[in-house]
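Hi,

Here is the structure I promised to pass on.

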Amino acid sequence: MVAIHPEGHLVGDRRGLARRTSWVLAALLLVAAYASLAVGASGVSLPAALADLLAGSEIDARTRIILLDIRLPRLLTGMMVGASLAVAGAVLQGLFRNPLADPGLVGVSAGAGLGAISAIVLGGLLPAGLAGLFGPALVPVLAFAGSWLSVSLLYVIATRGGHTSVATMLLGGIALAAMTAAFSGLLIYMADDQQLRDLTFWSLGSLAGASWSKTLAAAPLMLAALLAAPALSRGLNALALGEAAAHHLGIPVQRLKTGAIVVVAAAVGAATAISGGIGFVGIVVPHLLRLATGPDHRALLVNSGLLGASLLLLADVVSRSIVAPSELPIGIVTAVIGGPFFLWILLRRRGSLEI
Amino acid sequence: MLDATDVTVTLGRRRVLDGVNFQAAPGELTAIVGPNGSGKTTLLRAVTGDLGYRGRITLAGEELSGIPAWRLAPRRAVLAQFTPLAFPFTVAEVVRLGQIRKGPGSAADLTPRALARVGLCGYASRPYQELSGGEQQRVQLARVLCQVWEPVEGSEARWLFLDEPVSSLDIAHQLQVMQIARDFADVGGGVVAIMHDLNLTAMFADSVALLAEGRLLEQASPEVLLRDDLLSRAYGCSLRVSTPPPSGPYVLPHAARLG
Amino acid sequence: MRLATCRRLTLAALLVLPLLPAPSRAEEPQRIVSIGGSVTEIVYALGEEDRLVARDTTSTYPTEVAALPDIGYIRQLSPEGVLSVNPTLVLTEEGAGPPEAVELLKEASIEFVEIPEGYDRAAVLTKIRRVSEVLGVPEKGEQLASDVAAALDDAGRIVGEETSGTPPRRVLFVLSMQGGRVMAGGANTAADGIIRLSGGVNAVAGFDGYKPLSDEAIIEAAPDVILMMARGGDLAVSDEALFSHPAIASTPAGETRAVLRMDGMKLLGFGPRTAEAATELAHALAGG
């Protein structure tokens, strides 16, 4: 007697549910994208502008700049950064076989930050200030290098004989973050007090500096990572059974790990370079989705991208409307939501954590 | 045919396997026995392609180390002693991980059939991590069966490698699992299993390889190999082999081959 | 006595100027976002505050300015936030950013003027003249500049009289003291500038900008007086905390427990109140 659903689905198969969730999340992303284009400190109305456009009348320069040069690049940046952080979180958790791995927690973001700061200081562009450098792709590329180095080091530190220790991973992450912080501190010491304040704001995370030049510089890395990630899903599923079992199931384990590290490094590096330290998206989003539709990475990675993008867009809408015409750094918004959520996960799992 | 010739494995500085010759034939259940630390698991890991080795191992005439993981996977499946699971998959999702091939011929979902085979029909939607150790082991067996569902494909036998498949099971399920392995061999597949229980080995195996201290002492049929002197020497304690009918009150698992 | 005169002068300027008949200014910018505390202060001192539509976080003086919407921090401008108040002119201290935001504002055909920064007498007067030119009220600017120049001269005279014959006091400006780490103002800072204007000597002029000081460097600097900003909250440092710092305790300033606290914006803003600040500080340094 095999338990079969009326539609012929086997009980315990959540693939249908995951697919339906994808549609819901896609709709949510559309709503979030609309909100991101429609809501802002200025009273510019998207529907009115669209109506004008359809009626064939000219849109004034201010409206055009606000919609096309301010809100649109910010929408795209927010979507890519949110999706990148969430997908990177899911991939990192799959790689470490641990749902608590988060790019921010295990020092990967710190590595990306060090790369970005190095680019700023060593790029010889210090006088132009932090943001002056974002035009060229130097910052995203060095941030990528920094996060790649961090993930690789972390993997070497935390994995022994194919087994990744949670405690070693978290402690290794802390050690890595401390070391990168020391290097960053050295570079920051060389900066003047104006840049110091820039760095403080940058570390809080913000999409405020989103512009076409920055978006286009960081987009290739993030898009490549997002498009490559689904190819890892079968391997990450098998890896959930351990490296040996994954190998038995025909997965080229070493290649899978390298691929996962590169994807995480590219996504986190580029996202950090463009938006600073935005935390908790990488842990909250995949965790929620695993609760809702299960840990199958084929659905998890796609849905994480959709939900991460939506959440960051909505957080950004909050960050720019709550103290308008000024702005709250978005990292504060995500931390305020994500911090308690992370604690909740920890408390729920307290019994089963092997730390 | 699985053929290992003069296989030596060194882990760190320790020589864990030393010049082992080992054969397993399709259509047979080959057991690997020996005391703890004798190199049983190392031998199994060598023939599943998990470990580097010196010597020669061939699968159907092909040198094992030259076969990439993706080509090896459809030809053999491996059940470990214990398989940890990182995320809260359901039983059905775990079993489906074994269905590595897509396309015509494999379109049918094997998951319900594999679960039925190991007697876990009602378990499909249960979270794997909440099952008992024995149940988890049977779910993993179902997954492994999915991977090599047809014991013979074309003219080539497929292989099941089992590392102590019955160690965490009660006596009824021990018999059930051994019977599944026996059936797999009976229709032409190859089975290699590490065994601790010599009575079950005597009941189900066609060939037994006895290891001690990293060396192969002997490989032969159970009737030939299970001798007082050899076993006592290998295990380092006095053992007596009785031939049925039993000459005293002890529990003897009853199975088809004895009847 | 002289301090009071000087204060009265500034006050008079503040009170009288707005009452002057306003010339027609049809072509001058009417909706101004003022960024940077000193620039905002100058706009008020010129009596042109009715043209302001928004300010930045550092613009806190005079207190009425708090009623204006705050568009955030000078280096983290949100372009849409600025655009939302419909400005025709953004008047800012040096260093407004990020560059993308500035770029967009210029593109939206908003006039964008940066007032050069500096930490001496000439810089204050230049700032005032520049702001008044941009606002289209150069006469008012000249008036204010000469008032401020006179006040600065007064301050200089006080410094000359009160410190004659005594060696100049060594002053250590402490920006913050967090976790026992002393952040001090080196050369090319507003702190250095105001110390000079007040006849003091910056005890740590060996480096540029604000840097953390090692204990040995503090002892080596041997300040006679510690200068700090008066502020509350987490950043406030009590005398207790300051003088229990072992390195500071062993300096001449520590032995005499000599610490001065002044309003940060007045002290470091280099705007219309700089003369007042210099006079106050000079008195205090002279022990008055």
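**Two helices in chain A**

Let's start with a helix pair: in α1(A), the residues A:Arg15, A:Ala18, A:Thr21, A:Ser22, A:Leu25, A:Ala26, A:Leu28, A:Leu29, A:Ala32, A:Ala33, A:Ala35 and A:Ser36 meet A:Ala299, A:Val302, A:Asn303, A:Leu306, A:Leu307, A:Ala309, A:Ser310, A:Leu313, A:Leu314, A:Asp316 and A:Val317 of α13(A). Sorted by class, this contact of α1(A) with α13(A) has 16 nonpolar, five polar and two charged residues. (Nonpolar covers Ala, Val, Leu, Ile, Met, Phe, Trp, Tyr, Cys and Pro; charged covers Asp, Glu, Lys and Arg; the others, Gly among them, are polar.) Being in contact is meant as follows: the C-beta atoms of two residues, placed from the backbone, lie within 7 Å.

Before going on, please keep in mind that this is a predicted model, where local features need pLDDT of at least 70 and side-chain atom pairs count only at pLDDT 80 or more, while totals for chains, interfaces and linings use all residues. Residues are numbered from 1 along each chain as its sequence is written, and chains are lettered from A and ligands numbered from 1 in the order in which they are written. Helices (H or I, at least four residues) and strands (E, at least two) are DSSP runs, numbered from the N terminus.

Back to the pair: the axes of α1 (residues 15-38) and α13 (residues 297-321) of chain A come within 9 Å and cross at roughly 25 degrees. Axes here are lines fitted to C-alpha atoms, for helices over the stretch in contact, with angles running from 0 to 180 degrees between N-to-C directions. α1(A) and α13(A) are therefore roughly parallel to each other (under 35 degrees counts as roughly parallel, over 145 as roughly antiparallel, 65 to 115 as roughly perpendicular and the rest as oblique). Their crossing is left-handed, that is, the near helix is turned anticlockwise from the far one by less than a right angle; clockwise would be right-handed.

**Where the chains touch**

Chain A touches chain C through 28 residues, which are in contact with 26 residues of chain C. On the chain A side, α3 (61-96) and α7 (193-204) are the elements that give two or more residues, and α3(A) gives the most, with six. That side of chain A has 10 nonpolar, nine polar and nine charged residues.

Between chains B and A, 32 residues of chain B are in contact with 27 residues of chain A. Which element of chain B has the largest share of the side that touches chain A? That is α4(B), with four residues. By class, this side of chain B divides into 22 nonpolar, seven polar and three charged residues.

**Inside chain B**

Strands β1 (residues 2-11) and β2 (residues 14-24) of chain B pair in the antiparallel sense over seven bridges; two strands pair if DSSP finds at least two bridges between them. B:Leu11 stands opposite B:Arg14 in β2(B). The hairpin of these two strands has two residues between them, and B:Gly12 takes a positive phi near 65 degrees there. β1(B) is also joined by five bridges to β4 (residues 54-59) of chain B, running antiparallel, with B:Thr8 opposite B:Arg54.

The domain assignment (bounds come from an automatic or database assignment) gives chain B domain 1 (1-76 + 167-188 + 203-243) and domain 2 (83-149).

**Inside chain C**

Chain C has an open sheet of four strands in the order β2-β1-β3-β4, with parallel pairing. β2 (52-55) and β4 (111-115) of chain C are at the edges with a single partner strand each, so one side of each has no neighbour in the sheet. Helix α5 (residues 121-135) of chain C packs on the sheet and touches β3 (89-93) and β4 of chain C.

Two backbone details to finish. Most residues other than glycine have a negative phi, and most peptide bonds are trans. C:Tyr61 and C:Pro62 are joined by a cis peptide bond, with omega about -10 degrees, and C:Asn188 has a positive phi of about 55 degrees although it is not a glycine.

Cheers
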